[in-house]
Protein chains: 2
Amino acid sequence: MVAPPKPQQPPSALLPELLAALPRGRVLTDPDVVERYRHDEAEWAEHGRPLAVVRPESTAEVASVVRACAAHHVPVVTRGAGTGLSGGANAVDGCVVLSTERMRAIVEIDPGERLAVVQPGVVNDDLRTTAAARGLWYPPDPASAPWSTIGGNVATNAGGLCCVKYGVTRDYVLALEVVTAAGEVVRVGRRTAKGVAGYDLVGLLVGSEGTLGVITEVTVRLRPLRAAPTRTVVGFFDSLAACGRAVAGVTARGLEPSAFELIDRHCLAAVNEWKHAGLPQNAAALLLARTDLPEPAAEVEATAIREEFEGADATEALMSTDAVEAEALFDARRLAYPALEQRGDAILTEDVCLPRGRLAAMLQRVAEIGAHHDVLVANIAHAGDGNLHPLLITPHGDDAARRRAQAAFAEIVDSAIDLGGTVTGEHGVGLLKRDGMRRELGPAVLALHRAVKQALDPAGILNPGKVVG
Amino acid sequence: MVAPPKPQQPPSALLPELLAALPRGRVLTDPDVVERYRHDEAEWAEHGRPLAVVRPESTAEVASVVRACAAHHVPVVTRGAGTGLSGGANAVDGCVVLSTERMRAIVEIDPGERLAVVQPGVVNDDLRTTAAARGLWYPPDPASAPWSTIGGNVATNAGGLCCVKYGVTRDYVLALEVVTAAGEVVRVGRRTAKGVAGYDLVGLLVGSEGTLGVITEVTVRLRPLRAAPTRTVVGFFDSLAACGRAVAGVTARGLEPSAFELIDRHCLAAVNEWKHAGLPQNAAALLLARTDLPEPAAEVEATAIREEFEGADATEALMSTDAVEAEALFDARRLAYPALEQRGDAILTEDVCLPRGRLAAMLQRVAEIGAHHDVLVANIAHAGDGNLHPLLITPHGDDAARRRAQAAFAEIVDSAIDLGGTVTGEHGVGLLKRDGMRRELGPAVLALHRAVKQALDPAGILNPGKVVG
């Protein structure tokens, strides 16, 4: 799917206009520099050659860029840190890549209103740290949090471990400042806890992957800072079916873990190999559940979770008794992806979300699809959400294996639809999930999407080809 | 603002078509019956004379109605129980009122996926009761919950007491079946806990007050059933400023009451008068906060709330020790509106939402506006959300007082905007808040609204004149 090298675009009248409109240093055209902005982490997806990269430092500069691009019918591809996994930030030929990396001011933290106002280039973890210093917490925690930006998180409606209890990025966005496709600066949403004045344009923009507007400021809701969770329960299972029963049992009992993760035996093996962790290698999978209730409710909930694990025939189930131990048990989850990466293979990351009750069936199908296509598939899952990340692993440079992995990827997407799930739980549509999304939504709902896109970006200059394509 | 009687519409070719397309009894044209469907509880807002009322019993019937209306360019005004307070369900001349009252099946409760699927005419409390029998909880709890329907709640993005901790209706809607303006049946959203495949059309439809589609089925997320809360804290304050400090103190301390309400001295007096409740009449206002944490955390949180009340100079602050006492303390809140209604006056209900820190300032302005216009204003507020319901009370049939109340209503709306708030926190735009919404959003954001409306309802047949009007 890698796009063949395309001829350099003819010189455009746009470039001199951008150079004149923006302060020195904002517009980059050096081919080596531009090369670094051609794609996000979905390097497997097609990506074109941008005309230029711009790094505006203010809303007014973003508006100038969009107005100039609109006037010249040049596409604008907005990106944050480029940590996306679906190709949503991949360049198209002749576009301007608009990077928000220099818009990284935390404008305001307001403890009285429990909100923060940030520029889009603020890194997720930086917002988290700054909020924590004021006794507040920004829950959405994608694995990319040390690098990814709030703007990118908003554009993709990022999830993470916390969302099983605390919701996704959309649940935290109160207001947005946005540059429209016409280059106009508008503010949508509000600073109040509630509000129903007009359509939910904030929610519409969240997750729209830069196709409906360019986000230049984000107002997020914050929660009171939690005490560090003290209780993690880990369960080892010798079958995926038993894992599925354990997840169903925890849900049916009305328990609400603040994180509820699964990693399979391939991840266990990689972590053992890398860190000599001594995890049981014969387990088919491991479930990790964390509770963040205050004690003694935490112990009650953790004990109930352990009982559900045991009732589902866990070969072993352990419970931490303090925050340090709770974190240590989560290491296996945190280390799984880097441990697999460590081996030097190429990893194609899936992101399907199933009804919780179908998780075990889906894991079974994934194993069959991997076997059928002769591709090693490791699995990480936000089990409590039914959000599964099969990792399709192939040796670097092995084109035949890569093609087999791509075939397996497509079959996994189809299976998720068959089982009543969605083709993307949290990574976004971008390029990799466009076909799957079309199958999932069907023509009538796609027509509604295109009508909305047409309404807000009639010339189609905002991230063309992504999502509705 | 009551619309003058308009001449009866000329006979339309639509009626015979509706009668032929629908089973017997679905189409009502008897003037006495039709009269009951002309407006919601915003009787002060204009309302026209419908051509007919239809009460479809299935999605297919709704689609037939919309297709026929679209073909004849006849407006469709959808309504649930008609408990709205903004005129969102008020008829326009010559329209078809589509009542969902007969679509009241609870299609499915799925404890494993923690979701329910219901037809739009299901009454909020009926869903709540049915879910509770399965150990599940549907949080959104507007005051109209004993009568209002889930379809109407979704159309207005209804709030309630719980939302201070648990969010509003939009936070619970996973998927919708909708009849589009063209009469096509589509399904948007998903049954999974997470999903980012495409734009958030579910969120866009929630709160769109029947202007973008007719909702024919709703899939909602449920939570595990809570134990009955045992701790309510009540504080009496002799100034609105002290109330404001108490709300700010509770928020700043990171406390999260599951309900946090205010009623003022006019409400106290009305409750005392009606129920001989013996509440302190000299208090300017009373704050009620409830915690639903498990014990002993509940006692810790309730004690902290009481401390904040005392620190803000409450003249008295009490804490319940069991569920019965906790409920009894909330009676003053529950009885406030009926106690005022009991006096037989006309009540015009406001619904502004302020940043929490501006609540005391807003209450002060409301008092000044009431005094200036010689209108009695009682106040109920979801204090923890900054959502304020000034109740403008005038003697029935006193047209001069009614006009003064309408002037006060408009000034309260303007003050809310001035103080950084929104013109409607949870009741919706309908007709009463259209002008205020325009001032709040400004022309550029309104243009985006109109573009979305045009995209999804190009002929403008769905609830014309409401919201974007």
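Below, some labels are checked against the values behind them.

Me: Before we start, what kind of model is this?

Reply: It's a predicted model.

Me: Okay. Why is the pair of B:Phe260 and B:Phe309 called stacked?

Reply: Look at the distance and then the angle. The ring centres of B:Phe260 and B:Phe309 are 6.2 Å apart, and rings pair if their centres lie within 6.5 Å. Their planes sit at 20°, and planes under 30 degrees apart count as stacked. So the pair is stacked.

Me: What makes A:Tyr138 and A:Tyr172 edge-to-face?

Reply: The distance passes again: A:Tyr138 and A:Tyr172 are 6.2 Å centre to centre, with the cut-off at 6.5 Å. The angle between the planes is 75°, and over 60 counts as edge-to-face. Both tyrosines are buried, too.

Me: Why can you say that each pair ties together parts of its chain?

Reply: Check where the partners sit. A:Tyr138 is in the loop between strand S7 (136-137) and helix H5 (150-156) of chain A, while A:Tyr172 is in the loop between helix H6 (163-166) and strand S8 (173-179), so their pair ties together parts 34 residues apart in sequence. In chain B, B:Phe260 belongs to strand S13 and B:Phe309 to helix H10, so that pair ties together parts 49 residues apart in sequence.

Me: How do you know whether B:Phe260 and B:Phe309 are buried or exposed?

Reply: Buried means under 20% relative accessible area. B:Phe260 has 2% and B:Phe309 has 0%, so both count as buried.

Me: Now the interface. What makes B:Arg356 and A:Glu113 a salt bridge?

Reply: The closest N and O atoms of B:Arg356 and A:Glu113 are 4.0 Å apart, and the rule asks for a side-chain nitrogen of Lys or Arg within 4 Å of a carboxyl oxygen of Asp or Glu. Across the interface of chain B and chain A, the rule finds 9 salt bridges.

Me: And how much area do the two chains bury between them?

Reply: About 5,600 Å², with 64% of it on carbon and sulfur atoms. B:Lys194, B:Val196 and B:Tyr199 supply 18% of the area that chain B buries against chain A, more than any other three residues. The contact takes 73 residues from chain B and 73 from chain A.

Definitions and conventions:
Residues numbered from 1 in each chain as written. Chains lettered and ligands numbered in written order. Predicted model: local features only at pLDDT ≥ 70, side-chain atom pairs only at ≥ 80, totals over all residues. Heavy atoms only, no water. Contact = heavy atoms within 4.5 Å. Buried area = accessible area lost by both parts, 1.4 Å probe. Phe/Tyr/Trp six-rings, centres within 6.5 Å; stacked < 30°, edge-to-face > 60°. Helix = DSSP H or I, 4+ residues; strand = E, 2+ residues; numbered from the N terminus. Buried < 20%, exposed > 50% of the residue type's maximum accessible area, 1.4 Å probe, protein only.
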